[in-house]
Amino acid sequence: MKKYLLLISLSISLYSIAQKNINKQFTVNDSPVSYTYKAVFDSSKKEEIIQRISSRFDDPKINRGDLVWNNNGEYEIVVYENTVTINFGKSNDNEISYEKIKLLGQDLSTIANKPVFKHRLITKKFYVINDKANTYSYRGVFTSNKRENIKKSVDKYFGKPTLLENNYVWKSADYDITLKEDQIEFFLMKNKLDDSYYNQFLALEKDVTEIILTLGPKNTLITTKNYVLNDNPSSYTYKAVFSPQQNDILKKIIETQFGNPKVNRGDLVWNDNGSYEIVLSDYQLKINFGKSNDTENIYQKVKELGSTVTKVLKY
């Protein structure tokens, strides 16, 4: 009974001090009695892995298509399909072999973890992607009203840009992104040991392409006896006619959103550095708004004003 308990105690002790490392590409279990290793790799790395093992353990044997390295049962290394395994039994007199096997496992993990860059060349009407082994580039063209949304996407991954001659620029030693009025270009020099920037560019590629291919706002043109509305991608205009006694009602509505007006030749005028102009006379209201990338909030206010006026006048 005591001998049985001793074996259990010894087994628990050995298990508790075993070192285990589980990674997406590889698994290592290093215990006092054995060392086991398994790695899954991309097929493009197979030749490099075979060469690394052969440089340490001579040439392999072939067993049913698998490549096998072994030494009288002390260790066995097997490469099959896109997997490599190592099994090593520890003893008192093979410490040197163990260190050699452990170093091999570390080398194989480095190879398995290297980024895999496959060539893609995609040429579409509005964008081009050239994803080579060492570099990545993207060029897209778009309508100017999409520029702000594209900038927000780049900001999300690469922070705030530098403004150079009306172009937004994000730049480092590894990449260069330039956002112009109607096109975007980005370039990455790939790092064979680190694919973090590459993954960011793939995410940005997806976001920007979606924005470019999404249809912009359609033109809304409404012409009636009492009002005309033209809401297109570059501007918003509204014109309504009404009886003079409705003037004060409309004045209060406009003041609620745009403050006090100026008086110009008897008309009431609201404007802001040319981005919009609202003119109210005794029988007519005119709204003119030129859209741009940074005036979305004002556009929503102007659009809401037009809708409110239409409802109040019951047109």
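Biologist: Buried means under 20% relative accessible area, exposed means over 50%, and partly exposed is in between (1.4 Å probe, protein chains only). Which of these is N271, and why?

Modeller: N271 counts as partly exposed because its relative accessibility is 36%. Before we go on: this is a predicted model, where local features need pLDDT of at least 70, side-chain atom pairs count only at pLDDT 80 or more, and totals for chains, interfaces and linings use all residues. Residues are numbered from 1 along each chain as its sequence is written, and side-chain values use heavy atoms, with hydrogens and water left out.

Biologist: Good to know. Where is N271 placed?

Modeller: N271 is in strand 19, residues 267-271. Strands (E, at least two residues) and helices (H or I, at least four) are DSSP runs, numbered from the N terminus.

Biologist: And what is N271 in contact with, leaving aside neighbours within four places in sequence?

Modeller: K262, Y276 and E277. Contact here means heavy atoms within 4.5 Å.

Biologist: Let's change topic to strand 3. Which residues are on its covered face?

Modeller: In strand 3 (residues 34-40), Y35, Y37 and A39 make up the covered face, while S34, T36, K38 and V40 are on the uncovered one.

Biologist: How many bridges does strand 3 have with strand 2?

Modeller: Strand 2 (residues 26-30) pairs with strand 3 over 5 bridges, in the antiparallel sense. Two strands pair if DSSP finds at least two bridges between them. N29 has T36 of strand 3 as its bridge partner, and a hairpin of 3 residues joins strand 2 to strand 3.

Biologist: What about strand 7, what sense does its pairing with strand 3 have?

Modeller: Antiparallel, over 7 bridges, with strand 7 covering residues 83-89. There, Y37 stands opposite I86.

Biologist: Remind me, what do strands of a sheet pair through?

Modeller: Backbone hydrogen bonds, either parallel or antiparallel.

Biologist: Then what is the strand order in the open sheet of 7 strands?

Modeller: The order is 8-9-10-14-13-12-11, and the pairing is antiparallel. The edges are strand 8 (120-123) and strand 11 (162-164), each pairing on one side only. From one strand to the next the twist averages 10 degrees. Angles run from 0 to 180 degrees between N-to-C directions, and axes are lines fitted to C-alpha atoms, for helices over the stretch in contact.

Biologist: How many bridges link strand 10 and strand 14?

Modeller: Strand 10 (residues 135-141) and strand 14 (residues 183-189) have 7 bridges, again in the antiparallel sense. S137 has F187 of strand 14 as its bridge partner.

Biologist: Which strands does helix 4 lie across?

Modeller: Strand 12 (167-171), strand 13 (175-179) and strand 14, with helix 4 running at about 15 degrees to strand 12. Helix 5 lies across strand 8, strand 9 (127-131), strand 10, strand 13 and strand 14, at about 15 degrees to strand 10.

Biologist: At what angle do helix 4 and helix 5 cross?

Modeller: Roughly 165 degrees, with the axes of helix 4 (residues 147-158) and helix 5 (residues 196-213) coming within 10 Å. Helix 4 and helix 5 are therefore roughly antiparallel to each other. For the cut-offs, under 35 degrees counts as roughly parallel, over 145 as roughly antiparallel, 65 to 115 as roughly perpendicular and the rest as oblique.

Biologist: What classes of residue make that contact of helix 4 with helix 5?

Modeller: There are 11 nonpolar, 3 polar and 2 charged residues. Ala, Val, Leu, Ile, Met, Phe, Trp, Tyr, Cys and Pro count as nonpolar, Asp, Glu, Lys and Arg as charged, and the others, Gly among them, as polar.

Biologist: Now helix 2 and helix 3: at what angle do they pack?

Modeller: Helix 2 (residues 46-57) and helix 3 (residues 95-113) pack at about 165 degrees, axes 10 Å apart. Helix 2 passes helix 3 in a right-handed crossing. A crossing is right-handed if the near helix is turned clockwise from the far one by less than a right angle, and left-handed if anticlockwise.

Biologist: And how far apart are the axes of helix 6 and helix 7?

Modeller: They are 11 Å apart, with helix 6 (residues 247-258) and helix 7 (residues 296-312) packing at about 160 degrees. That makes helix 6 roughly antiparallel to helix 7.
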